[in-house]
Amino acid sequence: MNPDGKILDDIKIIDLSTFVTGGFCSAMLANQGAEVLKIEQPGYGDAVRHSGPPFINGQSPYYWTLNYGKKSLELDLKNQKAKEALYDLIAEADVFIQNFRPGTAERLDVDYETLSEYNDDLVYLAISAFGQTGPWSKRSGYDLLIQGMGGIMDVTGEEGRQPVKVGLPMTDLITAMWAAFGTMTALYRREQTGEGEYIDLGMLEATLPWLTKQAGMVFAGEETRRMGTKDPVLAPYQTFETKDGYLNICILNEKLWGELCEALDRPDLPADDRFEMNKDRVEHVDELEAEIEDTLAEKTTDEWIEIIAEDAGVPAGPVYDVEEALDNPQIDARGTITEIEHPELGEVPVIEHPIQYHNADSGFDSAPPLLGEHNREVFRELGYSEAEVEALANAGVFGSADDEE
């Protein structure tokens, strides 16, 4: 590591994954300085490039959010020379990422056993829906399926209505974060032992630890249920309606409960046996909601934010739409949304990742790459001569038509 640079400046990652699980993982690592070579299908690329609308000049902004700071390399892995070129890249790499259905890597000759012959200290990350073993291992699976099978949809939505998926690709992102964590811990172990590692990560298993309080209820023999924005173990901890909108209030202890009641000018609430302690409030959460909303209906959301959050210091906040979430005084002050120069579109927006170090840099250095933008550059940097790079192109390594210069 360069002590004046980013923590992963000396790490090279070969990312053969598509969509979110591997893509967001390698974006997290790119943010910390890793060089990420994104291997894509010639002429088509990662399927997320085509996810939309919306598109901006034919490009998917969804793709951007997963691929800042990477290099794009087209390789036709049905071409033997392309495989040989990939193996040259693997020999100089630290991490390899794929999210194939189990068995596919072996058919493509990019399985751990094959690649470790070219690099015996490689950290190999295999992401799949259900892991590499077990009766469901050969099944394909995506976020919606895993949200359903991982218990998330069972507790999301309103009581008495159908299950609802979280509006984000939640289990993809959960898995991506485990993937980045596993990669970093494997790299740390390699520093200690000199040994590479094979990581088997299944989306379903990645999701279960996030159930936390709902899992705790099951362990205690209780049934979970859909509760809208209400919480199964805390009250009030939910969304309330105000005079002109909505307000989230989060009460985690009796001190905050007393401060909220004081801010609402409702001393009668803690004096009521139904609402005295958290366990009482959880048992009578519907009656509590009605009492609080009677009071909140008297003022606007902004007025209540000033009274409850600013003056009383009680955790409360508005329900922003996505545009407001991306553009507000706090986010502006932290520099979370920036811009970066794109080779075709000029300045494009970037959602910076949140880890801010005191003694190291972080952040994305380049825009999401055009398909095949770095075909030739990558091999030049690897030590190939111009004639050898040209030979790769002529052999169809980058696909049938390579326009990169």
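**Close-up views of the predicted model**

**Figure 1. Strand β1 (residues 12-15) is joined to strand β4 in parallel pairing over 3 bridges.** The model shown here and in the following views is predicted. Within this pair, I14 has F96 of β4 as its bridge partner. On its other flank, β4 pairs with strand β5 (residues 123-128), again in the parallel sense, over 4 bridges.

**Figure 2. Strand β4 (residues 95-98) is covered on both of its faces.** V95 and I97 point to one side of the strand, F96 and Q98 to the other, and all four residues are buried. The strand pairs with β1 over 3 bridges and with β5 over 4 bridges.

**Figure 3. The parallel sheet is open and contains 6 strands, in the order β3-β2-β1-β4-β5-β6.** The edges are formed by β3 (70-74) and β6 (197-202); each has a single partner strand, so one side of each lacks a neighbour in the sheet. From one strand to the next, the twist averages 20°. Helix α1 (residues 19-31) lies across β1, β2 (35-40), β3, β4 and β5, and runs at about 165° to β1. Helix α7 also packs on this sheet, where it touches β4, β5 and β6, and its direction makes about 165° with that of β6.

**Figure 4. I174 is located in helix α7 (residues 170-193).** Is this residue buried or exposed? I174 counts as buried because its relative accessibility is 2%, below the 20% cut-off for that class. When neighbours within four places in sequence are set aside, the contacts of I174 are I152, A206, T207 and W210. G221 lies 47 residues from I174 along the chain, and the C-alpha atoms of these two residues are separated by 26 Å. The helix that carries I174 is the one that packs on the sheet against β4, β5 and β6.

**Figure 5. A further open sheet has 3 strands in the order β7-β8-β9, with antiparallel pairing.** Its edge strands are β7 (237-241) and β9 (316-318), each of which pairs on one side only. Neighbouring strands of this sheet are turned against each other by 25° on average, with direction ignored. The antiparallel pair of β7 and strand β8 (residues 246-250) extends over 5 bridges, and F240 stands opposite L247 in β8. Helix α13 (residues 285-296) packs on this sheet and touches β7 and β8; the direction of α13 makes about 45° with that of β7.

**Figure 6. H374 occupies the loop between β11 (346-351) and α17.** With a relative accessibility of 9%, H374 counts as buried, since this value is under the 20% limit. Leaving out neighbours within four places in sequence, H374 is in contact with K70, K71, S72, L73 and P369.

**Figure 7. Helices α17 (residues 375-382) and α18 (residues 386-394) cross at roughly 140°, and their axes come within 10 Å.** This angle makes α17 oblique to α18. The crossing of α17 past α18 is right-handed. By class, the contact of α17 with α18 has 4 nonpolar, no polar and 4 charged residues. On the α17 side the residues are R376, F379 and R380, and these meet E386, V389, E390, L392 and A393 in α18.

**Figure 8. The whole chain, shown for orientation, contains 18 helices and 11 strands.** Along its principal axes, the C-alpha trace spans about 85 × 50 × 40 Å. Of the 405 residues in the chain, 47% are buried. Among contacts in the chain with a separation of 6 or more, 68% are between residues 24 or more positions apart.

Conventions. Residues numbered from 1 in each chain as written. Predicted model: local features only at pLDDT ≥ 70, side-chain atom pairs only at ≥ 80, totals over all residues. Heavy atoms only, no water. Axes fitted to C-alpha atoms, helices over the stretch in contact; angles between N-to-C directions. Helix = DSSP H or I, 4+ residues; strand = E, 2+ residues; numbered from the N terminus. Parallel < 35°, antiparallel > 145°, perpendicular 65-115°, else oblique. Left-handed = near helix turned anticlockwise from the far one by under 90°. Contact = heavy atoms within 4.5 Å. Nonpolar A, V, L, I, M, F, W, Y, C, P; charged D, E, K, R; others polar. Buried < 20%, exposed > 50% of the residue type's maximum accessible area, 1.4 Å probe, protein only. Pairing = 2+ DSSP bridges.
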